[in-house]
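Keep the viewer open and follow along point by point.

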Amino acid sequence: MSGTSEGPAPAADLIRPAVTERHIDTSPRTPMPSHPTAGAPPGTATAETRSEPEETLHEAVADAPLDAVSALRSGRTFGAAFAAAPLAMAVVDREDLVVIANDTLGLLLGTGSDALVGRTASDLVDLASDPRTWHAYREVLGDRQARLRCTRRIKHPDGYSLWVQVTVTPLPQEEAVLLSVADVSARRELQARLRHLQMHDPVTRLPNRTLFFERLTAALEAEAYEESGTGRIGLCYLDLDGFKAVNDTLGHRVGDRLLAAVAERLTRCAEQAGHARAATPLVARLGGDEFALLVEDSTGTEQLADLAESVLRALEAPFDLSGRRLSVSASIGVVERHAAGTTATGLMQAADTTLYWAKADGKSRWTLFDPERNAHRMTRQALSSTLRPAIDREEFVLEYQPLVSMEDGGVRGVEALVRWNHPQFGMLTPNRFIGLAEEDGSIVQLGRWVLATACRQARRWQLDHPDTKPIFVSVNVAVRQVWDSDLVEDVAHILAETGLAPHLLQLELTESAVMGSAGRPLQTLQALSDMGVRIAIDDFGTGYSNLAYLSRLPVSVLKLDGSFVRGFQYENPDGADGHPNPADEVIVEALIQLAHRLGLTVTAECVETSAQAGRLRGIGCDTGQGWLYSRPVAPDRIAELLTAPAVQAGAGKP
Ligand code: C2E
Ligand code: MG
Ligand code: MG
């Protein structure tokens with residue numbers, strides 16, 4: 001709004017041609033162009049307005065005979081030119097008072113030019129209301145600054161407003177300044193209309209993505225640095241559920257009308273929310289069927305939750321679109337946080353994630369951003385992207401947990417349990433990454449590594465303890481390994497390579513992996529079993545528990561799920577350590593008996609107490625696994641156990 005270096009200084013030339021070439025070079029002054037249009041952008045209204053009279057005059061001075069020139073220089077002609085100039089001008093003295101004004105200025109300001117004489121110029125064109133402009137104006141008046149140019153909004157006596165561009169240039173020899181005023185209202189209006197078009201969505205007439213981001217960025221800056229507000233910001237990021245179907249089945253015109261109707265309801269919600277508060281939330285259409293409600297100066301999550309709730313309610317009633325009734329629901333991601341340290345991108349990412357949760361949680365709801373859930377998502381992403389290279393870098397290790405005979409406490413075998421020694425996140429348990437590895441298929445490569453490492457280790461123990469009965473190793477196999485790799489070939493190859501006998505390898509598959517197996521999985525199981533490898537059903541009791549069916553598969557071991565074991569052992573009627581629940585025990589006992597009759601052995605998982613072990617033994621369970629005997633441990637700890645006569649309860653406890 002303050003002075004610029006652009007623009008001509010025509011009046012100075014007009015009144016006193018002798019100083020035409022004068023350059024005022026005191027900083028921050030800038031040289032005045034000798035030609036009136038030299039500094040103005042070509043083709044602008046200002047340049048055109050000013051060039052005409054002066055060029056004529058220059059030509060007149062150059063070409064006129066000597067007496068005519070002196071006549072011109074007498075000042076009379078300059079005065080006439082000043083009066084007739086189509087640009088509104090006034091000469092203003094150093095005290096800010098109008099000395100003389102031309103008719104154009106009189107017309108523009110709605111008073112005769114004579115009436116302007118003696119008036120305060122800064123009042124006429126509003127130079128005093130803005131401190132920066134006022135300061136710059138004073139500098140020009142004091143001849144300390146070369147020029148001031150600014151745009152002001154002034155009121156015409158007839159009641160309408162005008163946008164004017166005001167230029168003030170010193171007339172040094174005159175102890176005065178030249179004030180010129182150009183009406184730029186039409187240009188401003190056009191600019192405003194163009195901006196509105198650029199910033200609004202034609203379908204809903206709501207602010208569009210561009211305007212939304214502009215406002216969001218400005219709000220974040222303001223909230224972060226101004227102390228007056230709450231310093232917080234909130235956002236409801238909304239997506240219509242199933243809008244695509246409306247578009248696809250009823251056409252884009254109906255879709256557009258629905259969007260416009262939704263926009264109207266959202267605007268009403270925002271207005272209602274605004275009644276109680278200082279400001280109305282900004283409603284914007286971010287694209288497609290996505291809308292946002294931005295709450296500046298928010299007071300906390302509750303405010304946003306209320307807004308989201310009211311939006312869902314507002315959308316409940318069906319829409320009547322020229323006789324057609326349509327119902328839509330929406331999912332809303334809600335984020336509310338401190339503005340300081342938040343970026344527009346960061347906020348939108350959080351909102352996007354939260355919206356995704358709202359959809360995933362069942363749509364037609366709002367969900368609040370949850371940093372923990374987000375961290376989990378981030379780690380999931382980070383883990384999933386580094387899984388494959390981690391296999392190559394051998395970041396995985398195996399721990400082994402003893403499988404102990406219930407009868408004599410001797411270690412019969414061990415289960416190999418994989419861990420990921422992640423360089424960033426530390427030692428990760430399989431629950432964190434096995435699912436991911438199954439999703440992206442890297443489980444095949446990882447599973448092969450586990451199998452080979454476990455078999456090599458089992459063979460090592462065997463060779464290192466020739467006098468002890470060799471123990472078997474039990475390896476978990478994911479269902480995808482059966483489908484996506486040649487498990488039979490892998491197993492055969494690994495057994496041959498490590499020299500481990502097939503009966504010392506047990507493979508654990510879950511019920512769901514083998515249930516209903518026909519074709520390839522069944523052939524695989526059969527081939528492995530034929531090879532002498534034992535198949536165990538892991539986590540038995542959590543799935544179908546169809547024993548009769550399982551017995552027809554080449555399965556030889558049931559691993560009773562931990563929850564099952566825990567559940568059957570005790571009931572807690574009064575919250576304290578309970579008593580054995582005979583009903584559950586009877587069921588498990590029957591199960592074990594049935595399994596035995598079908599030729600299966602039973603291993604109980606998660607045996608944590610000797611009481612549990614005692615009962616399991618009592619009802620005929622063959623093998624136990626759990627903290628009572630040992631936590632999963634490194635291979636050398638297993639070697640130590642092999643030399644011991646029987647596993648001491650609590651061995652390997654940290
Ligand atoms: P799982 O095969 O049922 O393994 C038993 C899990 O129970 C292990 O958890 C073990 O540490 C835990 N556990 C053992 N004793 C007790 C106890 O007394 N109390 C309690 N509360 N827990 C006990 P872990 O090592 O976290 O493994 C979890 C699961 O990850 C395994 O369940 C298995 O399904 C999977 N997994 C582990 N290693 C591999 C692998 O190499 N390949 C595949 N595909 N899956 C694996
Ligand atoms: Mg297992
Ligand atoms: Mg298990």
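**Notes on the metal and ligand sites**

1. Let's start with the magnesium ion (ligand 2), which is coordinated by Glu415 (OE), Asn476 (OD1), Glu508 (OE) and Asp538 (OD) at 2.0 to 2.3 Å. Donors here are N, O and S atoms within 2.8 Å of the metal (3.2 Å for Na, K and Ca), and water is not among the atoms, so sites may look incomplete. Along the chain, these donors follow the spacing E-x60-N-x31-E-x29-D. Asn476 lies in strand 16 (residues 472-476) and Asp538 in strand 18, so this pair ties together parts that are 62 residues apart in sequence. Strands (E, at least two residues) and helices (H or I, at least four) are DSSP runs, numbered from the N terminus.

2. A word on the ground rules: this is a predicted model, in which local features need pLDDT of at least 70 and side-chain atom pairs count only at pLDDT 80 or more, while totals for chains, interfaces and linings use all residues. Residues are numbered from 1 along each chain as its sequence is written, chains are lettered from A and ligands numbered from 1 in the order in which they are written, and side-chain values use heavy atoms, with hydrogens and water left out.

3. Now look at the magnesium ion (ligand 3), coordinated by Asp538 (OD), Asp539 (OD) and Glu605 (OE) at 2.0 to 2.3 Å. Its donor residues are spaced D-D-x65-E in sequence. Asp538 coordinates both this ion and the magnesium ion (ligand 2), and the two ions are 3.8 Å apart. Asp538 in strand 18 and Glu605, in the loop between strand 22 (601-604) and helix 25 (610-618), link parts of the chain 67 residues apart.

4. Which residues come nearest to ligand 1? Of the 21 residues around ligand 1, they are Glu415, Arg419, Asp538, Glu608 and Trp627, where "around" means having a heavy atom within 4 Å. Strand 14 (411-422) and strand 18 (534-540) each supply at least two residues of this shell, and strand 14 gives the largest share, 4 residues.

5. Finally, please check the polar contacts of ligand 1 (here, pairs of N or O atoms within 3.5 Å). Polar side-chain atoms of Arg419 and Asp539 lie 2.9 Å and 3.0 Å from an oxygen atom of ligand 1 in each case. A polar backbone atom of Trp627 is 2.8 Å from an oxygen atom of ligand 1.

Definitions and conventions. Polar contact = N/O pair within 3.5 Å; in protein donor to acceptor, adjacent residues only side chain to side chain.
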